[in-house]
Amino acid sequence: MDILKLLSRSTKQTGKNASGKGAVILPSAGTPANPQLFHDEVLESRGKKRKRGGEKVDVVKQGEEDDEVDFFASKTAAPKTKKGRRESGGEEESKKPETILDEPHLLDEEECRQILKSHRLKHTLLPSAKSQDKKVKKSKKGKADKKKSPSKDDYKQLYPQPLTAFADLRSTYRISGRLAENLATQGYKIPTEVQMGSLPLLLQPETAIKDVAELGGVSAVDLLAVAPTGSGKTLAFLIPAVNSIVQRRRLSEDKKHHGLQAIIVAPTKELANQIVNEAKKLSIGTGIKVVGMKKGMRVVEENEDTVQEEENSSDEEESDEDEEPKPSQKSKQPIAKADILVTTPLILLHALATKNPEKHAPMPSVKTLILDEADVLLDPLFRDQTLGIWNACVNPELRVTLWSATMGSNIEALASSTINERRRKLGLETTARVVRLVVGLKDSAIPNITHRLIYAATEPGKLIALRQLLHPTAKSADATQSLRPPFLVFTQTIPRAVALHSELLYDIPAEAGGSTRIAVLHSDLSDVARDQVMTRFRNGEIWVLITTDILSRGVDFKGINGVVNYDVPNSGASYIHRVGRTGRAGRDGGVAVTFYTKEDIPYVRDVANIIAASEKQAGKPASEASMQKWLLDALPKPSKEEKKKLKMHGVEARRSGLPSKDGKGDKMKISTKSGYERRMENNRKGAIQGSKRRAKEVEATAEDGGEESEWGGLDE
Ligand SMILES: Nc1ncnc2c1ncn2[C@@H]1O[C@H](COP(=O)(O)OP(=O)(O)OP(=O)(O)O)[C@@H](O)[C@H]1O
């Protein structure tokens, strides 16, 4: 069923924007023309203007977009064979005959600078462990120089080769032929900015930076990458990880052996599962095994120190947390056969537990550690777990990359000092340097979506406003004033998500799929239930998904038209990640709606500032900006302490979401009528509409052979 058709049948929307100038292209409407966000025109030294994305960009024209709307379609994957295996297009990498490669394509320094500038890419070499050591010694000697932290001069800007086309990955950076084929099969043509800026450096630093003296004479980098939501960071970290394992396997004598070489850590199960799927697609035909970490899985050899978790699942099975493990199962599982392991922090840390709670079993074979959503993984909530895993990666050749759309300076300092500290301990100061890559404006929301900050005054006001968005008959001249499903709704707490779900459950009429179109996802649900909701949402069966911040980071639903912050997010970073679930891969037309009430006024300024910065980045003139200066000036500035409290616990008044004994919390309740009342009302309305429709049908059939009746939208 085409939900756009169904929901728009009875609306007055014409597909034009308010000015009537052009059709509104929704994120769910086909393939984006260009996944890049920034392509400023930069004057070259010779006076010519550069085209967007450099010379080699192969742009998919609008006319070539998919005709059929497929909200959550994945990119073309290799077709499955009868046995259910993906066709890899031939033998494994190692058995393929040598192919003749094109000439490497390298740009001169001026061209590099121009392209990096036009795509708003900034590379900074961070201070080395040695230079930090010197500073500390100096400050100990001279009492006057108390400054231990690096000065501005220690940060050097770099201009490495940008990747201008995916074809260069093979011709210039010599990635595996099978990996290049897998990328082509999935339809990747134009690299996004973060891919342009990171892939050359991670694949071949010595080619990306011609003069190694620039990198302090070393030929390897660890990377801190801060790039917008939906800008393709997953591919940027997976390509080098898969490629390095393929190259190592090629040199290995035992090509069938699987040993853990790369670990990818993500904060939620949903994100970890998504990364497993992407990594598997890239690894087709390479012989690489990608595994998602499960409870009870073994990853290290046992010795007298290790404390293995009792087994209740194998690496291929869905774990059942309620099932009691049998004593005979204990430690009998073989070590998971994995080259790449994708995990949430705690589950892996448990698998590395030793009798000494301070120590974890080492993983000497791991040469790549990737922290996705690194700022949250290094936040106090996950910090010890993440550092525990990091410290267990004892291989001296370990390369670390950290990725997020937001990275506070404290997190950057922690990451950088952890990398340097580790090197110092292992005596490896000179083998690699840390490079920071920032795409666009640091810590900002994507510029290709529309933001709307709506004052709803009270909790019931928010419910009314949400129903207006959901209501397809909302009389609005501007198509951006209503929100077409599919969309996500974020609440502050699990009880509030559950309450909102039961409130809205009967808002979609039975003929449009009824309550099956609305679902809730949160961490109190079982893994199986969470997986089912994710699958149904990806398949387009669920139109409105109510959730908590569990889905705010990393999760990629390609065709989401909008995000509703039913409750104001707990921080600016949370806003950036939540709204970044729409407008992925450069898609235009996404809408981010944030409701706020009287209780939120002290905290909403951060969100307003982010919206203003995003509109400025998008080049919106001040007259068209939704965030007017007077509003920004009028909003109070929360203190550091207030911000900290908000980040930890959210807006106090709606913490529990349940009615309080003193009755004060009742005004924060999400409810107008009980679910039973709404269901009864809905049934009544359905019956009336049904009988009206039947009467009309009979009339119409009598007159002109009949016409399909329309859903008249939601009556409030
Ligand atoms: N070069 C490309 N061309 C077209 N689509 C791309 C390209 N690179 C990535 N994508 C698509 O962009 C979408 C977003 O990618 P991804 O999930 O990696 O974003 P992200 O930067 O990790 O976002 P977040 O910060 O939200 O985690 C995915 O659907 C991915 O397939």
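Biologist: Which residues does threonine 386 touch, not counting residues up to four places away in sequence?

Modeller: This is a predicted model, in which local features need pLDDT of at least 70 and side-chain atom pairs count only at pLDDT 80 or more, while totals for chains, interfaces and linings use all residues. Residues are numbered from 1 along each chain as its sequence is written, and side-chain values rest on heavy atoms, with hydrogens and water left out. Contact means heavy atoms within 4.5 Å. By that criterion, with residues up to four places away in sequence set aside, threonine 386 touches Pro345, Leu371, Leu377 and Leu378.

Biologist: Is threonine 386 buried or exposed, and what is its relative accessible area?

Modeller: Threonine 386 sits in helix H12, residues 383–392; helices (H or I, at least four residues) and strands (E, at least two) are DSSP runs, numbered from the N terminus. Buried means under 20% relative accessible area, exposed over 50%, and partly exposed in between, with a 1.4 Å probe and protein chains only. Threonine 386 is therefore buried, its relative accessible area being 1%.

Biologist: At what distance does the side chain of threonine 386 reach the backbone oxygen of leucine 377?

Modeller: Leucine 377 is one of the residues that threonine 386 touches. The side chain of threonine 386 reaches the backbone oxygen of leucine 377 at 2.7 Å.

Biologist: In what order do the six strands of the open sheet stand?

Modeller: The chain has 21 helices and 15 strands. Two strands pair if DSSP finds at least two bridges between them. In the open sheet the pairing is parallel, and the order of the six strands is E10-E15-E14-E11-E13-E12.

Biologist: Which strands stand at the edges of the sheet?

Modeller: An edge strand here has a single partner strand, so one of its sides is left without a neighbour in the sheet. The strands in this position are E10 (449–457) and E12 (518–521).

Biologist: How many bridges join strand E11 to strand E13?

Modeller: Strand E11 covers residues 487–490 and strand E13 residues 544–547, and they run parallel. Phenylalanine 490 stands opposite threonine 547 in E13. The number of bridges joining E11 to E13 is four.

Biologist: Which strands does helix H17 lie across?

Modeller: Helix H17 (residues 572–579) is mostly covered, with seven of its eight residues buried. Among them are Tyr575, Ile576 and Val579. The strands that H17 lies across are E10, E11, E14 (562–565) and E15 (590–597).

Biologist: What is the relative accessible area of methionine 196?

Modeller: Methionine 196 belongs to helix H6, residues 193–203. Beyond its neighbours within four places in sequence, methionine 196 is in contact with residues including Gln36, His119 and Pro191. Methionine 196 counts as buried because its relative accessible area is 0%.

Biologist: How many disulfides does the structure hold?

Modeller: A disulfide is a pair of cysteine sulfur atoms within 2.5 Å. Cysteine 112 is buried, at a relative accessible area of 2%, and cysteine 393 is buried at 0%. The number of disulfides in the structure is zero.

Biologist: Of the contacts between residues at least 6 apart in sequence, what share joins residues at least 24 apart?

Modeller: The chain has 716 residues, of which 52% count as buried. Among its contacts between residues at least 6 apart in sequence, the share joining residues at least 24 apart is 81%.

How values were computed
Polar contact = N/O pair within 3.5 Å; in protein donor to acceptor, adjacent residues only side chain to side chain. Axes fitted to C-alpha atoms, helices over the stretch in contact; angles between N-to-C directions.
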